[in-house]
Amino acid sequence: MSAALDLDGVTPMRGRTDPVARARAIAGIIERDAPTIEANKRFTPEVLDALHGAALFRTLLPRAYNGEEVTPATFFRMQEVIAAADGSVGWCLCQASGCSFSAAYLAPEAAWEIWGDPRAVLAWGFGNGVAQVVPGGYRVSGTWGFASGNRHATWMGGHCRVVEPDGSIRKNADGTQHERTMLVRREKVRFHDVWNVVGLRGTNSDTYTFDDIFVPEEFAVCRDSDEERRIDAPLYKFTTTNLYASGFAGVSMGIARGMLDAFTEMAKTKTAAAMTKPMRESEVIQNGIARCEAKLRSAGAWLVEVLDEAHDLAARTGEITMHERAMVRLATTSAIHRAKEVAEWAYHEAGASAIMVGGPFERRMRDIHASAQQVQGRTAHLEMCGQHFLGMNPSGRFF
């Protein structure tokens, strides 16, 4: 790979192979450093260099800004590969990729200032600050949580309600509260070291604060707004939520794949305590591995099918309908839960081997449960999908 890199360490567009193949090429480095990433709550320099060298942070970035504009299905498969090596790295890659999706809605001069740096990473978290309208832009204050990957980010974003000069809250045409995301350089932001969790520790998803920061108008973006979309490509007909759901489904699927592969290798040689024959000769183990393979592969194949159908529709018609969004939500939520079932089976059948710190099971089990707790894994999503299939009109931020 090194021969194909520019001097800045990032693969140029013309030299990029399939991102799934590039992910496989660096997976060994990520898996090797996974324990260190978890212990220190940050990527090792070698892992960060590998991700930038493979240009994996730029897969959802518009081609106009030297991004790749891959299909959502390709993005999902890439996420699987990285998360199989380490869930925290997969999680941060998904979060940063979803943030880069906003470049399609951003003023070009601002997008170039952010992503003109080949090692640019934008991160943000969940919450709602206040952006006070002032000449030329906004004065922004607020605190947000769950800022995954903030330690290697170069820019941070904060989602805000907008307060007009007369003190009124800006509304959308339908009467809902308007939201804009304010983008600032990382060094202007105050961080709070509060990430003390059982799983996905390596994401360091800390809380952060904007303290009355001035943000120029061109660095304020309204995501998923048809009126403000500046890149008219099929990928950007998907919502940010569609891509986050797909990428985080890939994280759960990848963690489960890592668990199942590790278990399968162990079962080839291990004889469980108090047993007289190897695990590989057990019909329970044989049946379980086969069922888990079918569960993972069918969930992944169905999600790819749904994503490809939606992308093809966007390419043909210029839009994605509510039906496609419902199918993406159903397929991604289903994939997250099927992955958790596979991981739980592998962990249980591994016996006492699974509880050893530093082994192939213990960290992954914590990581997949943390992954499934995130909003993209909510079982309530199924209710909204059911409402759609029954001819109702579901609504919700994560649909």
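The legends below describe close-up views of a predicted model. Local features are given only at pLDDT of at least 70 and side-chain atom pairs only at pLDDT 80 or more, whereas totals for chains, interfaces and linings use all residues. Residues are numbered from 1 along each chain as its sequence is written, and side-chain values use heavy atoms, with hydrogens and water left out.

**View A. The largest nonpolar core and helix α6.** The core (buried Ala, Val, Leu, Ile, Met, Phe, Trp, Tyr and Cys residues joined through side-chain atoms within 4.5 Å) contains 118 residues, and Phe 210 and Phe 263 have the most contacts inside it. Helix α6 (residues 240-267) supplies the largest share of this core, 14 residues. Helices (H or I, at least four residues) and strands (E, at least two) are DSSP runs numbered from the N terminus. Of the 28 residues of α6, 25 are buried, so the helix is largely enclosed by the rest of the structure; buried means under 20% relative accessible area, exposed over 50%, and partly exposed in between (1.4 Å probe, protein chains only). Contacts of Phe 210 (heavy atoms within 4.5 Å), not counting residues up to four places away in sequence, include Trp 144, Met 156, Met 182 and Val 189.

**View B. Surroundings of Ser 100.** Ser 100 belongs to helix α4 (residues 87-100) and is buried, with a relative accessible area of 1%. Leaving aside neighbours within four places in sequence, Ser 100 is in contact with Phe 57, Leu 60, Leu 61, Pro 62 and Trp 115.

View C. The buried residues in α2 (residues 45-53) are Val 47, Leu 48, Ala 50, Leu 51, His 52 and Gly 53. Their cover includes α1 (19-40) and α4. In the loop between α1 and α2 lies Lys 41, a residue other than glycine whose phi is positive, near 55°. Lys 41 is buried, with a relative accessible area of 13%. Just after α2, Ala 55 also takes a positive phi, of about 55°. Most residues other than glycine have a negative phi.

**View D. Asp 212 in strand β7.** Asp 212 lies in β7 (residues 206-216). Although Asp 212 is not a glycine, its phi is positive, at about 50°. With 43% relative accessibility, Asp 212 counts as partly exposed.
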